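Let's take a walk through a protein model and see how its pieces sit together. Have the sequence and the 3D view ready.

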Amino acid sequence: MLSVMADLEALLDDFEAECADLDRLVAPLDPAGWTRETPAPGWTIAHQIAHLTWTDEVSTIAATDAAAFAELLREATATIATFVDDAAAEVAGTPAPELLERWRRGRAGLAQALRAVPAGTKLPWFGPPMSPMSMVSARLMETWAHGQDVADALGVVRTPTARLRNIAHIGVRTRDFAYAVHGRQAPAEPFRVELTAPDGSIWSWGPEDAAQRVSGSASDFCLLVTQRRHRDDLPLVTTGSDAAEWLTIAQAFAGPPGSGREVGQFA
């Protein structure tokens, strides 16, 4: 149990650091800056932060009030096509200073709530139930991905960090899910994924002798699985037709297939 708690604390530290990096990008913006369009069609910077705010708050409800979350789930099922966008639009209407403070409170409240969840508990979610570690990993991934949209809107090039390992891990683990949401059968054999970390070391998943292989930088892989760059714009290397196919449909996030980004959009 001590090991699990230590792992959770390490993930929460990474989540809080990722939030802090994004906070430093948006905190200095004037009101006009918050209305700047991002690469996500129809979403301004305010929409991006509003979405993170709402999702952190909903995650806190899942961790603290199962009945209230069940009601949210019923609402989501009734308006599945627009539920996420509607929530982002509603929260994005909050004045920027209030939205920023709400986001800060929400992410801090989520960290506190997850620390209090008894070991072994599975938390309800819009997809399969999740452990606290899985939930905070997902929140870190989403914060990084939506942070990329904000960085792109502002013309900022972010420095990759070791936190990318958490995101890459989700990207690898969701291989079969990506096939499923596209109505395809996932390959039976495991793939080998070898990624160059920001410090030059290699992060790897899968058997060393796998015939299907993916390699490249961890940053490029994370941009791919969060669909923040088009496959054709990333120098990831594949061996085998199955591995090549996977990179055209990979997604680390829940829900239906995303539309991703256009080829050459960030060339």
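## Before we start

This is a predicted model, where local features need pLDDT of at least 70, side-chain atom pairs count only at pLDDT 80 or more, and totals for chains, interfaces and linings use all residues. Residues are numbered from 1 along each chain as its sequence is written, and side-chain values use heavy atoms, with hydrogens and water left out.

## The sheet

Helices (H or I, at least four residues) and strands (E, at least two) are DSSP runs, numbered from the N terminus. Two strands pair if DSSP finds at least two bridges between them. Here, four strands form an open sheet in the order β2-β1-β3-β4, with mixed pairing. β2 (202-205) and β4 (237-239) are the edge strands, each pairing on one side only.

Take β3 (residues 213-217): three bridges join β3 to β4, and the two run antiparallel. In β4, V237 stands opposite S215.

## A helix across the sheet

Contact means heavy atoms within 4.5 Å. Axes are lines fitted to C-alpha atoms (for helices, over the stretch in contact), and angles between N-to-C directions run from 0 to 180 degrees. Helix α8 (residues 164-173) lies across β1 (192-196) and β2, at about 25 degrees to β2.

## Two helices side by side

How do the axes of α3 (residues 45-64) and α7 (residues 132-154) cross? They cross at roughly 170 degrees and come within 9 Å. The helices α3 and α7 are therefore roughly antiparallel (the label for angles over 145 degrees). Residues making the contact include I45 and L52 of α3 and M135 and V150 of α7.

Methods: Parallel < 35°, antiparallel > 145°, perpendicular 65-115°, else oblique.
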